[in-house]
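The following note sets out points for a colleague to consider while examining the coordinates. Please read each one alongside the model.

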Amino acid sequence: MKDYTVSVCIVTYNSRKIIERTISSILEQTKGVSLDFYIVDNASSDGTADFIRSEFPQIKVIENGANIGFGAAHNKVLPLLESKYHVVVNPDIILKTDAISELCDYADRHEDVGLLSPQIKYDNGEIQQLGKRNPTFRYLGSHWFHKGSVPSKTMIEYCMLDHPDDEVCEISNATGCFMFFRTAAFRELSGFDERFFMYLEDCDIARRVSESKKYKALFYPMAEVTHLWERESKRNKKLFAIHIRSIISYFLKWGIRIW
């Protein structure tokens, strides 16, 4: 296996209770990779930054004086990156296998890959149903209000559930909980669009990759990560309002599509 150069960035905001497990799983599972690890903290009040400095001195911690949002915080590392591949990771992600090296191997064999999205699973091993096509109002509504374990016809279409879940395929949308970029592509795109404080910045950057003439965005299910997803914006009124503003910003940028 090649000794890849990989940068990893996690943006934290009061993540003290969950961040240790995430960082430990990445460090323990990732082999054959030279990791350049960053934490960008959005003014946590729970001691997240101090805890990371104390327990993981090998990690570079960048502290923001305020909560500047998901994409803007991730963009803080752009001038620092010297890696071949860059991984955007949420603080509620757990690696149970060496997913990063698996993604490196595939990207190294396919020079047109700009973004890889792995299989995302719940802690119990169930596959999370996440959008892989560009959002529309119909798709987002179905995803937002869906209940139960049986996906609707719209959900099947939006999440491409009719595609074999063990085959690589091109996508136009990917979840921001774990995004594997070719660093050159991430840099050429100038990172995330900072008009999105949080939510849909992942849809936006995946779309920019997939619609570029140089790179592809792919779903790569042979690599798996665990997402301890709680969908907070469905319960928190402030986060719900942020989500709605991001949806409006997305459709103002890309054009309104109902279906």
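Which residues form a nonpolar patch on the surface, and about how much accessible area do they have together?

1. Surface patch. The model is predicted, and the points below should be read accordingly. The nonpolar patch on its surface is formed by Phe137, Ile256, Ile258 and Trp259, and together these residues have about 480 Å² of accessible area. One of them, Ile258, is located in the segment that follows α9 (237-254). Ile258 counts as partly exposed because its relative accessibility is 47%.

2. Main nonpolar core. The largest nonpolar core comprises 38 residues, and the residues with the most contacts inside it are Val6, Ile23, Ile52, Leu116 and Phe178. Helix α4 (residues 99-109) supplies the largest share of this core, namely six residues. As general background, nonpolar side chains tend to be buried together in soluble globular proteins.

3. Surroundings of Ile23. Which residues does Ile23 touch, not counting those up to four places away in sequence? The partners are Ile10, Phe37, Ile39, Ile52, Phe56 and Ile59. Of these, Ile52 is also listed with Ile23 among the residues that have the most contacts inside the largest core.

4. Helix α4. Why is α4 described as largely enclosed by the rest of the structure? The reason is that eight of its 11 residues are buried. The buried positions are Ala99, Ile100, Ser101, Leu103, Cys104, Tyr106, Ala107 and Asp108.

5. Backbone at two positions with positive phi. Ser190 is not a glycine, yet its phi is positive, near 60°. Leu200, also a residue other than glycine, has a positive phi of about 70°. Ser190 sits in the loop between α7 (183-188) and α8 (201-210), and Leu200 is likewise placed in the loop between α7 and α8. Are these residues buried or partly exposed? Ser190 counts as partly exposed, at 49% relative accessibility, whereas Leu200 is buried, with a relative accessible area of 5%.

6. Cysteines. How many disulfides does a search of the whole structure find? The search returns zero. For Cys9, the closest cysteine sulfur belongs to Cys177 and lies 15 Å away, which is too far for a bond. Cys9 counts as buried, since its relative accessibility is 0%. Cys203 is in no disulfide either, the nearest cysteine sulfur being that of Cys159, at 11 Å. Cys203 is buried too, with a relative accessible area of 8%.

7. The whole structure contains 17 salt bridges. In one of them, Glu111 pairs with Arg182, and the closest N and O atoms are 3.5 Å apart. This pair links distant parts of the chain, 71 residues apart: Glu111 is in the loop between α4 and β6 (113-121), while Arg182 is in strand β8 (residues 178-182). Arg182 counts as buried because its relative accessibility is 6%. In another salt bridge, the side chains of Glu224 and Lys121 meet at 3.1 Å, N to O. Here too the pair links distant parts of the chain, 103 residues apart, with Glu224 in strand β9 (residues 216-227) and Lys121 in strand β6. Glu224 is partly exposed, at a relative accessible area of 34%, and Lys121 counts as buried, at 18% relative accessibility.

8. Arg207 and Glu211 meet through their side chains in a salt bridge of 2.9 Å, N to O. Arg207 is buried, with a relative accessible area of 12%, while Glu211 counts as partly exposed, at 46% relative accessibility.

Notes: Residues numbered from 1 in each chain as written. Predicted model: local features only at pLDDT ≥ 70, side-chain atom pairs only at ≥ 80, totals over all residues. Heavy atoms only, no water. Patch = residues over 30% accessible without salt bridge, like charges linked within 9 Å, V, L, I, M, F, W, Y side chains within 5 Å. Areas by Shrake-Rupley, 256 points an atom, 1.4 Å probe, with all protein chains shown as cover. Salt bridge = Lys/Arg side-chain N within 4 Å of Asp/Glu carboxyl O. Helix = DSSP H or I, 4+ residues; strand = E, 2+ residues; numbered from the N terminus. Buried < 20%, exposed > 50% of the residue type's maximum accessible area, 1.4 Å probe, protein only. Core = buried A, V, L, I, M, F, W, Y, C linked by side-chain atoms within 4.5 Å. Contact = heavy atoms within 4.5 Å. Disulfide = S-S within 2.5 Å.
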